[in-house]
Every structure is written in structure tokens, then in C-alpha cells.
Amino acid sequence: MRNLRLTLSYDGADLAGWQVQPGRTTVQGALASAIGRLSGENVLPQGSGRTDAGVHALAQVASFATASTIPVENWMKALNDILPSSIRVLEVTEAPPEFHARKSARAKTYRYRIYRGAVCPPFLARYVWHYPYPLEESAMVAAARVVVGEHDFTSFAAVDPERVERMAAGENVQTTTDRTSNVSPTNVRTIFASSWTREGEELIYTVRGNGFLHHMVRNLVGTFLLVGKGTVSLEDLRRILESRERAAAGATAPASGLYLVEVEY
């Protein structure tokens with residue numbers, strides 16, 4: 001058996017997310033189908049994490065075991081010939097037997113794009129959150145720094161039934177969308193970097209951490225927006241983080257603006 005590692009990019013606007021779902025187009029489902037057509041194997045590739053419906057990826061990583069003798073250099077072209085145009089394989093390499101796209105991950109970077117102009121170009125609307133209303137962007141810059149470090153991010157985590165089931169079964173679970181090895185079933189994560197930057201008409205949030213809970217980045221963005229509107233202060237944000245109560249934080253930002261940028265191993 002060979003262990004193959006794939007790097008993928010996808011436009012999530014019309015996809016039902018990463019995880020395979022009956023009757024819906026997902027990245028995992030489309031990839032499994034394409035692999036099956038090429039190798040004749042019933043394979044379910046594992047991703048570094050589960051992106052939700054509407055979320056995009058610049059460099060998602062997946063892995064799967066195969067008995068196929070197809071050379072690695074042929075996999076990329078063959079898969080891209082089969083996959084929908086919204087999903088592209090950027091690279092295929094042979095990985096050590098112990099490599100697992102999810103369990104071997106050590107850090108991830110996500111980006112969230114908010115379009116601040118009065119009129120959002122129609123060809124950009126599916127890939128940003130259009131928010132033209134007044135915001136104190138400097139306050140949001142300061143707020144991003146509050147979450148750097150190791151914290152319990154329960155206040156920014158959506159309930160994930162699948163994770164609850166895995167925990168009930170005694171599986172060692174770190175997170176719903178991301179998890180690494182040698183972890184315990186808690187909502188504690190370490191954020192290495194968290195910042196807002198302005199690029200033209202876009203306000204962009206970039207966050208790098210060792211793992212992210214279900215909807216965590218989008219919930220952070222929704223709460224930072226409240227700081228920008230002046231309804232939540234920096235001290236309020238610290239209290240929200242410490243409260244470990246989802247109801248205390250802001251609403252979930254739309255999926256359209258979120259991108260998985262990089263996975264580190």
C-alpha cells in the first residue's frame with residue numbers, strides 16, 4: 001500500500017463543505033468518487049479538517065492509502081480531469097505510512113475577507129462578506145490581539161454533534177474542524193497570531209493556531225465586528241472569552257468570506 005498526500009484548492013460557494021453527504025456535492029465525496037474511477041478502490045480520503053458549506057480553501061491537505069501503481073505525477077492530471085472545476089488538485093506526493101492529513105497537522109492558517117466598499121462587485125460577492133457600514137477598524141485590530149495565546153474558546157465554538165458522539169465513544173478528540181495527535185477532549189487552543197489588515201477596500205483577518213473549533217473563526221469575526229461597532233469593548237471581549245458561553249459572543253459571520261490558507265506539519 002502507498003500513502004498519498006494531496007494539496008487541494010476549492011471554491012466552496014456551491015459546495016456543501018468538505019465532509020461527504022448523500023445527495024450533495026462535497027469535496028470529500030467528489031474526491032472519493034474520482035479516486036474510485038481511477039483506481040477501482042473504495043477510498044474515503046481524509047482531510048486536514050472539515051470546512052463548512054460555502055467555505056473556500058487555498059491549500060487543503062488530504063491523504064489516502066492506495067494499492068494503485070499509478071505514478072504520483074499522473075494522479076494530479078487524472079484527478080483534475082474528473083473533478084468539478086471548482087475543485088483542483090495542486091500537488092500529489094508520496095507520504096510516509098504514518099502520515100495522516102488530520103492527525104499529523106500541527107498548525108493552520110485561516111483568512112477572512114470583509115469588503116468595505118459601498119458597492120460590492122458582483123464577481124466578488126461570493127467570496128467576501130460585504131459590510132459597508134461604519135466600523136472602528138483600529139478597535140478591531142486591538143481586539144484581534146486579545147485572543148493570542150492559549151485559551152478555552154468555548155465561547156466561540158458551535159456545537160458539533162459528531163464531536164459529541166466521538167467523545168461519548170471515548171475517542172481522543174481535540175476539535176471538530178481540526179485536531180492533532182496527543183490531545184485531550186477540551187476546547188483549549190493556542191492561537192499563534194491574530195491580526196486585521198487593510199488591503200484596498202478589504203478588511204482582512206488572518207489567524208494561525210494549533211487547532212480551531214467548529215465555526216470558531218467565523219464566530220471570532222462576528223464578535224470582532226461588535227467591537228468595531230462599539231457595542232463590545234476590549235474588556236467585554238476578555239470577559240466573553242473567559243465566560244466560556246457561546247451566547248455571550250457575537251453572531252457567526254457568513255461562510256463566504258472564510259478561506260483555509262495553509263496547513264503545517
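Figure 1. In the predicted model, Trp 75, Leu 79 and Asn 80 are buried in helix α2, which spans residues 72–82. These three cover an arc of only 115 degrees around the axis, and therefore lie on the same side of α2; the arc is that of the directions from the helix axis to the C-beta atoms. An α-helix has 3.6 residues a turn, so residues three or four places apart point the same way. The face of α2 turned away from the buried side carries the exposed residues Glu 73, Lys 77 and Asp 81. Buried denotes a relative accessible area under 20%, exposed one over 50%, and partly exposed one in between, computed with a 1.4 Å probe on protein chains only. The buried residues of α2 pack against β1 (2–10), α1 (27–39), β3 (56–66) and β4 (87–95). Helices (H or I, at least four residues) and strands (E, at least two) are DSSP runs numbered from the N terminus, and contact means heavy atoms within 4.5 Å.

Residues are numbered from 1 along each chain as its sequence is written. Because the model is predicted, local features need pLDDT of at least 70 and side-chain atom pairs count only at pLDDT 80 or more, while totals for chains, interfaces and linings use all residues; side-chain values use heavy atoms, with hydrogens and water left out.

Figure 2. Asn 80 lies in helix α2 and is buried, with a relative accessible area of 17%. When neighbours within four places in sequence are left aside, Asn 80 is in contact with Ile 87, Arg 88 and Val 89.

**Figure 3. Packing of α1 and α2.** The axes of these two helices, α1 and α2, come within 9 Å and cross at roughly 120 degrees. Axes are lines fitted to C-alpha atoms, for helices over the stretch in contact, and angles run from 0 to 180 degrees between N-to-C directions. The crossing of α1 and α2 is right-handed; a crossing is right-handed if the near helix is turned clockwise from the far one by less than a right angle, and left-handed if anticlockwise. From α1, the contact involves Leu 31, Ala 34, Ile 35, Arg 37, Leu 38 and Ser 39, which meet Trp 75, Ala 78, Leu 79 and Ile 82 of α2. By class, the residues of this contact of α1 with α2 are eight nonpolar, one polar and one charged. Ala, Val, Leu, Ile, Met, Phe, Trp, Tyr, Cys and Pro count as nonpolar, Asp, Glu, Lys and Arg as charged, and the others, Gly among them, as polar.

**Figure 4. Packing of α3 with α6.** Helix α3 (residues 137–146) and helix α6 (residues 234–243) pack at an angle of about 30 degrees, and their axes are 10 Å apart. This angle makes α3 roughly parallel to α6. Angles under 35 degrees count as roughly parallel, over 145 as roughly antiparallel, 65 to 115 as roughly perpendicular and the rest as oblique. The crossing in which α3 passes α6 is right-handed. Ala 139, Ala 142, Ala 143 and Val 146 of α3 meet Leu 234, Leu 237, Arg 238 and Leu 241 of α6. The contact of α3 with α6 comprises seven nonpolar, no polar and one charged residue.

**Figure 5. Packing of α3 with α5.** Between α3 and α5 the packing angle is about 135 degrees, with the axes 8 Å apart. This angle makes α3 oblique to α5. The crossing in which α3 passes α5 is right-handed. Ala 139, Met 140, Ala 143 and Ala 144 of α3 make the contact with Phe 224, Leu 225, Val 227 and Gly 228 of α5. The contact of α3 with α5 has seven nonpolar, one polar and no charged residues.

Figure 6. Gly 12 is found in the loop between β1 and α1 and counts as buried at 0% relative accessibility. Apart from residues up to four places away in sequence, Gly 12 touches Ala 53, Gly 54, Val 55 and His 56. Gly 54 is placed in the loop between β2 (46–47) and β3 and counts as buried at 15% relative accessibility. With neighbours within four places in sequence left aside, Gly 54 is in contact with Gly 12, Ala 13, Leu 15, Ala 255 and Ser 256.

Figure 7. Most residues other than glycine have a negative phi. His 215, although not a glycine, has a positive phi of about 65 degrees. His 215 is placed in the loop between β9 (202–209) and α5 (216–229) and is partly exposed, with a relative accessible area of 22%. Arg 244 has a positive phi near 55 degrees. Its place is in the loop between α6 and β10 (258–264), and Arg 244 is exposed, with a relative accessible area of 51%.
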